[in-house]
Amino acid sequence: MKTIIEPFRIKTVEPINFTDRQQRQQILAKAGYNLFRIKAREVIIDLLTDSGTSAMSSEQWAAIMRGDESYAGCESFYRLQEKVRQIFGFRELIPVHQGRAAERLMFTRLVKEGDLVPSNTHFDTTRANIEVRGACAVDLPCQEASDLQSAYPFKGNIDLEAVEKFLQEHGKERIPLGMLVVSNNACAGQPASLANISAYSRLLKEHNIKFYLDAARFAENCYMIKEHEPGQAGRPVRAIAADIFRQADGCLMSAKKDGLVNMGGFIAINDGALAEELRQSLILTEGFPTYGGLSGRDLEAMAVGLEEVLSENYLRYRRAAADYLARGLQAHDIPIVTPAGLHAVYIDATAMLPHLKAGELPGQALACALYLEGGIRACEIGRVMFGEAALSPDGGTARHDLVRLALPRRVYSQSHYDYVIEAAANVYKRREQVAGLRITEQPAALRHFTARFEPLPVAPSAGVPRTVSASPSP
Ligand code: F0G
């Protein structure tokens with residue numbers, strides 16, 4: 001059979017609350033045109049993030065009943081530790097409530113003022129947790145990453161030449177560790193190849209610098225290695241994952257993605273002395289080392305999720321879902337980043353809304369237009385999220401204004417994606433009427449979560465003043 005189906009049946013459903021365009025216009029204005037400020041029940045299809053939004057399986061719910069809630073030494077911890085050892089190969093497990101807690105613990109211990117931490121592209125919380133130490137998070141994405149439309153399959157690679165130069169210039173004294181994000185969320189969910197990961201690992205080793213992976217979407221990255229890397233096609237994703245983790249000294253994991261849970265994360269490393277130090281800080285803010293701010297039942301669900309995410313059937317379906325959405329958008333000439341990754345489809349807002357200048361925040365404007373059109377909540381990944389500096393040619397992080405349509409795991413069906421495609425196509429047809437935005441209020445850091453915006457007047461040729469999109473009410 002050619003048709004790839006969801007490899008599950010649905011046992012529990014959650015109703016969607018519908019809104020009309022007029023309501024959404026009011027909701028947007030009240031929220032200061034920031035979709036993070038909108039209530040979830042005011043959203044029809046929520047593609048804001050794939051993080052913590054997975055549907056859990058019946059096996060995970062069953063495991064939850066096995067959760068051992070003992071304060072110290074709970075069985076659930078040992079079950080998770082065993083699973084992490086099997087899949088990731090690291091001996092020491094430090095559970096935390098989510099990825100950024102792992103980042104804070106790790107960087108508080110390893111990073112000091114004036115340090116430099118290279119990566120393919122740091123995620124925003126990772127960057128913030130490094131920079132709060134007075135250090136600098138340095139992005140060295142490969143050259144191919146800047147061409148959004150090319151077919152190059154490993155745009156998540158780190159630029160090895162740049163790494164070599166960087167390591168020679170600054171050395172171990174200023175570089176306490178090297179990071180690599182798999183898959184590279186800030187770079188449109190593109191994967192890094194096994195060859196690239198191995199070469200980066202070798203370079204770091206030559207300089208005696210530790211290497212940690214941000215493994216939030218490790219299974220998806222490994223599936224893309226299987227799809228595209230010579231010699232990997234016939235191998236189980238689990239074996240590819242083992243090869244990746246073998247290159248590293250440890251990993252930081254937000255299990256809210258490829259752990260298939262709604263909350264949870266961990267640090268996994270081999271260095272016992274470092275693990276002991278991290279556990280001491282863990283006790284201060286997260287909890288006792290065998291639960292790390294989570295319930296025993298959360299640890300159980302994570303152990304099952306880490307196994308389920310490596311199912312080849314599941315990953316094949318995940319690929320089919322992302323491709324379905326990507327092709328549907330392309331069929332309406334909507335410019336997306338290609339090839340599509342697995343956790344999201346990214347629209348190139350600059351290309352879709354060429355009438356908007358960069359300062360008119362095309363990514364945020366497009367995200368608002370999608371909400372107005374169909375109640376779809378997406379996420380700007382660009383100028384608003386990363387700031388102006390990061391978008392300059394030398395600045396690193398996000399050199400493009402993108403809108404991410406993140407795909408929650410096992411949540412939406414094909415007809416939901418048809419609806420998203422139709423809404424995006426409607427916005428595209430009237431794209432010149434999408435107004436730019438300007439920021440009216442913003443905090444000092446991580447501004448995308450709380451900033452407020454207001455629409456700029458639409459250019460006279462478009463003829464529709466002060467509205468986000470001018471398509472008629474349904
Ligand atoms: N690393 C990556 C690559 C991420 O994408 C995220 C979160 C984190 C670390 C932090 O993990 O949320 O558990 O604290 N990404 C979410 C997203 C928020 O929407 O992409 P966390």
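In this predicted model, domain 1 and domain 2 bury about 2800 Å² between them, with 51% of that area on carbon and sulfur atoms. The two partners are assigned as residues 21-50 together with 311-462 for domain 1, and residues 58-308 for domain 2. Their centres, taken over C-alpha atoms, are separated by 27 Å. Contact between the two involves 32 residues of domain 1 and 37 residues of domain 2.

Polar contacts across the interface of domain 1 and domain 2 amount to 20 residue pairs, counted where both residues are at pLDDT 80 or more. On the domain 1 side, at least two residues each are supplied by helix α12 (312-331), strand β9 (344-348), helix α15 (383-391) and strand β12 (402-406). Of the elements on this side, α12 gives the largest share, 6 residues. By residue class, the side of domain 1 that touches domain 2 comprises 14 nonpolar, 8 polar and 10 charged residues.

Salt bridges can also be followed through the structure as a whole, where the count comes to 31. One of these joins the side chains of glutamate 69 and arginine 297, at 3.6 Å from N to O. This pair links distant parts of the chain, 228 residues apart: glutamate 69 sits in the loop between α2 (58-65) and α3, while arginine 297 belongs to helix α11 (residues 296-308).

The search of the whole structure returns 12 aromatic pairs. Among them are phenylalanine 88 and phenylalanine 218, whose ring centres lie 4.9 Å apart with the planes at 50 degrees, so the pair is tilted. Because phenylalanine 88 lies in helix α3 (residues 75-88) and phenylalanine 218 in helix α8 (residues 218-228), the pair ties together parts that are 130 residues apart in sequence.

A cis peptide bond runs from valine 182 to serine 183, with omega near -15 degrees. Serine 183 has its place in the loop between β5 (177-181) and α7 (194-206). The peptide bond from threonine 338 to proline 339 is likewise cis, and its omega is near -15 degrees. Proline 339 is found in the loop that runs between α12 and β9. Aspartate 333 is located in the loop between α12 and β9, and this residue has a positive phi of about 65 degrees although it is not a glycine.

Conventions: Residues are numbered from 1 along each chain as its sequence is written. This is a predicted model: local features need pLDDT of at least 70, side-chain atom pairs count only at pLDDT 80 or more; totals for chains, interfaces and linings use all residues. Side-chain values use heavy atoms; hydrogens and water are left out. Domain bounds come from an automatic or database domain assignment. Contact means heavy atoms within 4.5 Å. Buried area is the accessible area (1.4 Å probe) that two parts lose on being put together, summed over both. A polar contact is a pair of N or O atoms within 3.5 Å; within protein, one must be able to donate a hydrogen and the other to accept it, and residues adjacent in sequence count only if both atoms are side-chain atoms. Helices (H or I, at least four residues) and strands (E, at least two) are DSSP runs, numbered from the N terminus. Ala, Val, Leu, Ile, Met, Phe, Trp, Tyr, Cys and Pro count as nonpolar, Asp, Glu, Lys and Arg as charged, and the others, Gly among them, as polar. Rings of Phe, Tyr and Trp (its six-membered ring) pair if their centres lie within 6.5 Å; planes under 30 degrees apart count as stacked, over 60 as edge-to-face and the rest as tilted. A salt bridge is a side-chain nitrogen of Lys or Arg within 4 Å of a carboxyl oxygen of Asp or Glu.
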